[in-house]
Amino acid sequence: MKDLNLGEKTTRIAEAALITAIMTLIIIFGYNIFPIIILFYPVPFIILGVRSSTKYSIYSILASSILIGILIDIITGILVFLVFGLFPIVLTYMINKKYRSQEILTGGIIASVVATILAIVIMGYLTGISFLSEISTALMENVNLQLDMLQQMDISSYEFSTIKDMLLATANYIIIIIPATIIISSIFVVYMNYWMSTAILRRLGYKAIGVPKFMHFRLPSNAIMGSAVILVLALLFRAMKILYYETIFINTVILISFVFFIQGLSVLVFLMNKKNMHKVPKIILIFLIIISVPLGLIVSIIGFVDAAVDFRKLKRKE
């Protein structure tokens with residue numbers, strides 16, 4: 001029995017070491033050639049943690065981050081550990097403890113947002129460079145580049161001034177919505193990693209693990225009341241002109257609109273699947289909805305109504 005346990009332990013350590021080595025190489029490859037692959041760095045660690053235990057996932061992520069720090073630089077190693085290492089540990093722990101999909105996703109998103117903010121603060125402390133200042137500088141360089149190009153064109157001073165004001169307003173808006181952007185990015189990254197991990201685990205024979213279906217996504221029952229309270233508080237901040245009131249209000253509106261948009265989009269996907277719509281027109285329609293602001297607003301309203309009346313009758317199925 002002891003030999004069996006020792007053999008099992010050796011196998012798990014070997015599996016963890018292999019994943020550590022492969023994912024370190026993936027980060028180096030993504031860092032230099034194909035950055036988008038880095039977004040799915042957590043998947044093998046989540047699978048490892050569920051197949052073995054959470055501690056093996058932690059050891060593997062730590063080892064990979066240290067190797068990245070040695071092979072690339074310390075800053076990148078710390079950044080990878082914080083932004084892409086902490087939330088998979090939370091997901092793994094919650095999956096192993098049999099939490100519901102909605103709770104696992106919520107825990108992962110909170111961990112991701114906190115880790116990202118922590119990474120920004122630590123990076124600022126270590127490098128002495130402000131994240132917001134860097135973003136602002138990059139945006140202004142882009143604005144100046146476009147203005148230089150416009151000056152070479154045959155346009156009136158009025159047109160130039162109008163375009164300049166529009167570019168500056170856009171740059172300022174991008175800076176203002178950074179908090180909402182961080183949260184929305186975390187939602188996307190956590191969901192994709194959780195979905196991929198659970199789908200692979202199901203194929204590996206872990207049938208007890210549920211794969212979250214987007215068409216069954218719904219907000220908590222108190223989402224409307226909670227959103228109303230948050231929005232009222234944001235309006236009070238704006239009316240009383242409390243610290244960063246405009247930024248707080250704009251980000252609150254964006255986030256509330258986004259969560260109801262996600263629910264509305266899940267309703268549409270549910271209906272499209274129910275009608276057995278072909279994949280190609282379905283993908284085209286979803287793409288058009290995502291890139292169209294007017295359609296996005298309609299979908300957010302659908303999500304809001306569904307949160308109130310439950311079109312899909314998902315509450316009955318729980």
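First, the conventions. The model is predicted, so local features need pLDDT of at least 70 and side-chain atom pairs count only at pLDDT 80 or more, while totals for chains, interfaces and linings use all residues. Residues are numbered from 1 along each chain as its sequence is written, and side-chain values use heavy atoms, with hydrogens and water left out.

I start with the cores. A nonpolar core here is a set of buried Ala, Val, Leu, Ile, Met, Phe, Trp, Tyr and Cys residues joined through side-chain atoms within 4.5 Å. Buried is under 20% relative accessible area, exposed is over 50%, and partly exposed is in between, with a 1.4 Å probe and protein chains only. The largest core has 17 residues, and Ile27, Tyr41 and Phe45 touch the most other members. At least two residues each come from α1 (2–32), α2 (43–51), α3 (54–71) and α4; helices are DSSP runs of H or I, at least four residues, numbered from the N terminus. The largest share, five residues, is supplied by α4. A separate core has 16 residues, including Ala111, Val189, Val190 and Leu201.

What does Phe45 contact, leaving aside its neighbours within four places in sequence? The list is Ile19, Met23, Ser57, Ser60, Ile61, Ser64 and Thr92, where contact means heavy atoms within 4.5 Å.

Next, α6, residues 131–151. This helix has 21 residues and reaches 30 Å from its first C-alpha to its last, close to the expected 30 Å; the expected span is 1.5 Å times one less than the number of residues. Leu139, Val143, Leu147 and Leu150 are buried in α6. Viewed down the axis, the buried residues of α6 fall within an arc of 80°, so they line one face. That arc is taken over the directions from the helix axis to the C-beta atoms. The buried residues of α6 pack against α7 (157–176), whereas Glu141, Leu145 and Met149, on the other side of α6, are exposed.

Which residues other than glycine have positive phi? Lys98 is one, with phi near 65°, and Asn276 is another, at about 55°. Lys98 sits in the loop between α4 (74–96) and α5 (101–127) and is exposed, with a relative accessible area of 67%. Asn276 sits in the loop between α10 (245–274) and α11 (279–291) and is likewise exposed, at 68% relative accessibility.
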